[in-house]
Amino acid sequence: MHLARRFVNEIQQSSLAARTKSQKLVLIKTLIKSGIQYGLVSENPFVNMQLKAPKGTTHNTYRSFTRDELRKIYQLVHSKGDIERCWVLDALICTGSRQGEITYLRKEDIKRTHKGTWFVDFKHQPLHQHPMTLKGGVAGERRMPWHPLLLQEKYQDYVQQKADGYIVRCSKDSSVWSVWFRDQILKRLGIYSKGDTGLHSLRNTAIDLWREAGIDQEHRRAFVAHASKDVQDKVYGEGLRNMADVMNKELLKLDLSWLL
């Protein structure tokens, strides 16, 4: 028990990010729990131990990028000519999705409505031949329309040339993408700040761009599958988040021509 307390105290006092500290504690709790199940240890000294969050801190504090910063990021990524990374960056900006949702997209997920609206059919399918898992499970499912920025001919060709399966062929490890974005993009541009800017900043930036474009709250929630505040939308019908044609009318308010 005293060694367990010492371990937790050392994590608490380290300079690691709050999320990393939490993950380290969860990992050792899980390992010892497994050890109990297999009869390797008799008790878990970590079971009731928790880390204290410093006062005034919150999770997910990554700030949005300014327009000038986002333009520089866009131009640097595109100057390298890597179509895969360009596609992922633009998809993150246009959909406000998480990195894992974009890099695990399959060719079959990109569809078109009867009215001609291109959209991404985000589906939670962990048992699929090519699994896709959404953070909220089925609650995270939605049909997000494809912004005009993603309908460029080069992207149409990029997707169509892919065989069945995942569109992105390079690593899907979130840490690999985070390190690339941090070291090759943000640090080179001088806009990296630990715990303040990172890959997740693109999600916050997208939501802020929607606000600036005058897209209402219900549509912004539907774009990222956040719970609706409208009782009718929660209970009746297929819900706004599954109505790609309706959402597309709002998304078209977003002008991203200034990035080019």
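**Helix packing and nonpolar cores**

Leaving aside residues up to four places away in sequence, L202 is in contact with F65, L70, L89, L92, I93 and F181. The model in which these contacts occur is a predicted one. A second core, separate and made of six residues, includes A4, V8, L25 and M49.

The largest nonpolar core comprises 53 residues. The residues with the most contacts inside this core are I73, W87, L105, F181, L202, W210 and L256. Two or more residues each are given to the core by α3 (67–79), α4, β2 (118–122), α6, α7, α8, α9 and α11 (244–251). Of these elements, α4 provides the largest share, eight residues.

Helix α4 (residues 83–95) packs against α8 at an angle of about 45°, and the two axes are 7 Å apart. On the α4 side the contact involves L89, L92, I93, C94 and T95, and on the α8 side L202, A206 and W210. By class, the contact of α4 with α8 contains seven nonpolar residues, one polar residue and no charged residues.

The crossing of α8 past α9 is right-handed. R203, I207, W210 and R211 represent α8 in this contact, while R220, F223 and V224 represent α9. The contact of α8 with α9 consists of four nonpolar and three charged residues, with no polar ones. W210 takes part in the contact with α9 and in the contact with α4, and W210 is listed with the residues that have the most contacts inside the largest nonpolar core.

K162 is located in the loop that runs between α6 (153–160) and α7 (174–189). The relative accessibility of K162 is 16%, and since buried means under 20%, K162 counts as buried. Apart from residues up to four places away in sequence, K162 touches E84, K107, I167 and R169.

Methods
Residues are numbered from 1 along each chain as its sequence is written. This is a predicted model: local features need pLDDT of at least 70, side-chain atom pairs count only at pLDDT 80 or more; totals for chains, interfaces and linings use all residues. Side-chain values use heavy atoms; hydrogens and water are left out. Helices (H or I, at least four residues) and strands (E, at least two) are DSSP runs, numbered from the N terminus. Buried means under 20% relative accessible area, exposed over 50%, partly exposed in between (1.4 Å probe, protein chains only). Contact means heavy atoms within 4.5 Å. A crossing is left-handed if the near helix is turned anticlockwise from the far one by less than a right angle, and right-handed if clockwise. Ala, Val, Leu, Ile, Met, Phe, Trp, Tyr, Cys and Pro count as nonpolar, Asp, Glu, Lys and Arg as charged, and the others, Gly among them, as polar. Axes are lines fitted to C-alpha atoms, for helices over the stretch in contact, and angles run from 0 to 180 degrees between N-to-C directions. A nonpolar core is a set of buried Ala, Val, Leu, Ile, Met, Phe, Trp, Tyr and Cys residues joined through side-chain atoms within 4.5 Å.
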